Amino acid sequence: MKNWFQRLGYRMASFLYGRYGNDELTKALMITSLVLLVLSWVPVLWFFYFLALAVMIWSLFRSFSKNIFKRRRELDRYLKIKNGFFGFFKLRRNKWRDRKTHTYFKCTKCKSVLRVPRGKGSIIVTCPKCGERIEKNT
Ligand SMILES: [Zn+2]
């Protein structure tokens, strides 16, 4: 019996070897599918059950996939969208938090957001991303 369990363990390990495993997108998909599952209990939203199932299958497919390169690219795309979305609110929050001590403005060349201390008079700011020099009155 012990041998059987040992072999099962080996088989499981060899099955999981080289698989992609879990990442942030897999977790987000699992949470989404659970939310959809709960929503499907509402009689009018019964079809959410199938959506939840599809999302769960997608998530399982991702974690057992052997095409690590493709899964990585999916994760990159997901993180880019997520950070773009939450970054917008984060910038708003930081601007509000620093409204008395710092001023924010966009680089004229690369459009990245720069933060400089307030009340320093006329200063020349060098963009750390593209090296553009901008004269700014703070
Ligand atoms: Zn720049």
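Let's start with how H2 and H3 cross: in this predicted model, the crossing of these two helices is left-handed. H2 covers residues 24-39 and H3 covers residues 48-64, and they pack at about 160° with 8 Å between their axes. An angle over 145 degrees counts as roughly antiparallel, so H2 is roughly antiparallel to H3.

Who makes that contact? On the H2 side you'll find Leu25, Thr26, Leu29, Met30, Thr32, Ser33, Leu36, Leu37 and Leu39. H3 answers with Phe48, Tyr49, Leu51, Ala52, Val55, Met56, Trp58, Ser59, Leu60, Arg62 and Ser63. Sorted by class, the contact of H2 with H3 comes to 14 nonpolar, 5 polar and 1 charged residues.

Helix H4 runs over residues 68-97, and H2 packs with H4 at an angle of about 70°, the axes being 9 Å apart. Angles of 65 to 115 degrees count as roughly perpendicular, so that is how H2 lies to H4. From H2, the residues involved are Glu24, Leu25 and Ala28. They meet Glu74, Leu75, Tyr78, Leu79 and Lys82 of H4. By class, the contact of H2 with H4 has 5 nonpolar and 3 charged residues, with no polar ones. Keep an eye on Leu25 of H2, please: this leucine is listed in the contact with H3 and in the one with H4.

Let's zoom out for a moment. The chain is divided into domain 1, residues 2-97, and domain 2, residues 101-138. Taken over C-alpha atoms, the centres of domain 1 and domain 2 are separated by 39 Å.

S3, residues 122-126, pairs with S4, residues 133-137, in the antiparallel sense, over 5 bridges. Isoleucine 124, in turn, has glutamate 135 of S4 as its bridge partner.

Terms used:
Residues are numbered from 1 along each chain as its sequence is written. This is a predicted model: local features need pLDDT of at least 70, side-chain atom pairs count only at pLDDT 80 or more; totals for chains, interfaces and linings use all residues. Side-chain values use heavy atoms; hydrogens and water are left out. Domain bounds come from an automatic or database domain assignment. Axes are lines fitted to C-alpha atoms, for helices over the stretch in contact, and angles run from 0 to 180 degrees between N-to-C directions. Helices (H or I, at least four residues) and strands (E, at least two) are DSSP runs, numbered from the N terminus. Angles under 35 degrees count as roughly parallel, over 145 as roughly antiparallel, 65 to 115 as roughly perpendicular and the rest as oblique. A crossing is left-handed if the near helix is turned anticlockwise from the far one by less than a right angle, and right-handed if clockwise. Contact means heavy atoms within 4.5 Å. Ala, Val, Leu, Ile, Met, Phe, Trp, Tyr, Cys and Pro count as nonpolar, Asp, Glu, Lys and Arg as charged, and the others, Gly among them, as polar. Two strands pair if DSSP finds at least two bridges between them.
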